[in-house]
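Student: I would like a close look at a single part of this chain. Please keep it brisk and connect the pieces as you go.

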Amino acid sequence: MVLNTFQQAWIMEMASYVKSMDRNHLLEAGLEGFYGQSSPQRTNLNPGFNIGTDFIANNRIPGVDFATLHSYPDQWLSNSNDQNQLTFLSNWLDAHIQDAQYILHKPLLIAEFGKSSKDPSFTPYQRDLLYQTVYSKIYASAKHGGAAAGGLFWQLLSPGMDSFRDGYEVILDENSSTANVISQQAHKLYEIRKIFSRTRKLEMWKRAGARTQAGRAQWWDRNKGKPIGN
């Protein structure tokens, strides 16, 4: 309880400080998404440990503009098989997307996820399944204007960056199937962006037209019965 209170105060102080210097950029706390004391009904979704953070309370702070979430089932549930890890991932994402939309009323960025090639049972197919699970949840939410705003897998490297390899790296030229999964998601989200952009433009035109009509009506009310011209 003391740790959580201290953490809340620190996030609130830092968020306020950053916003006092720059209100033109979105701010997030950069947390993994573990549930805490503010949502005891959700703590059973945590992967068997608690590091003192609180997804709901931490992201409710006014200066925090959007929530973040990480997911590493291969680390968090290292003794479980791939199917159990995917089931955990699906439930983990569903809960956070719902809570971001209906409790926090803020966007949610899946800021880190992946599957390590250093795991003895690793296959590119299993990594692709994990990516597809994350991406399908994001797309299902985003296409209806929901809270899920995007996903950033860990991590994209280019050839020659061998010193940065940690098992989670994706090098597009070396990982064609995963690169295809990423490309498909990028295309689908781009199409959603175009649809919402057109919708916003139509709404702006409608509002502008309504203002023009209202202005004409007001002018007519002010000037009816008055002679026009000299």
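Student: In which strand is serine 71 found?

Tutor: Serine 71 is found in strand E1, residues 67–71. Strands (E, at least two residues) and helices (H or I, at least four) are DSSP runs, numbered from the N terminus. A word on the source: this is a predicted model, where local features need pLDDT of at least 70, side-chain atom pairs count only at pLDDT 80 or more, and totals for chains, interfaces and linings use all residues. Residues are numbered from 1 along each chain as its sequence is written, and side-chain values use heavy atoms, with hydrogens and water left out.

Serine 71 counts as buried because its relative accessibility is 1%. Buried means under 20% relative accessible area, exposed over 50%, and partly exposed in between (1.4 Å probe, protein chains only). Leave aside the neighbours within four places in sequence. Serine 71 is then in contact with Trp76, Phe88, Leu89, Trp92, Glu112, Phe113 and Gly114. Contact means heavy atoms within 4.5 Å.

Now take helix H4, residues 82–104. Asparagine 81 caps its N-terminal end. A side-chain oxygen of asparagine 81 lies 3.2 Å from the backbone nitrogen of glutamine 83. The 23 residues of H4 should span 33 Å at 1.5 Å a residue, and the end C-alpha atoms are 31 Å apart, which agrees. The expected span is 1.5 Å times one less than the number of residues. Histidine 105 follows H4, and its phi is positive, near 55 degrees.

Aspartate 82 forms a salt bridge with lysine 115, with the closest N and O atoms 3.0 Å apart. This pair links distant parts of the chain: aspartate 82 is in H4, while lysine 115 is in the loop between strand E2 (108–113) and helix H5 (124–142), 33 residues apart. Both partners are buried. A salt bridge is a side-chain nitrogen of Lys or Arg within 4 Å of a carboxyl oxygen of Asp or Glu. By this rule the count comes to eight.

Two others are worth a look. Arginine 165 meets glutamate 169 in a salt bridge at 3.4 Å, N to O. Arginine 165 is partly exposed at 32% relative accessibility, whereas glutamate 169 is buried at 9%. Salt bridges link Asp162, Arg165, Glu169 and Glu174 in a network. Lysine 194 forms a salt bridge with glutamate 191, again with N and O 3.4 Å apart. Both lie in helix H6 (residues 176–223), three residues apart, about one turn of the helix. Lysine 194 is partly exposed at 30%, and glutamate 191 is partly exposed at 29%.

Definitions and conventions
A polar contact is a pair of N or O atoms within 3.5 Å; within protein, one must be able to donate a hydrogen and the other to accept it, and residues adjacent in sequence count only if both atoms are side-chain atoms.
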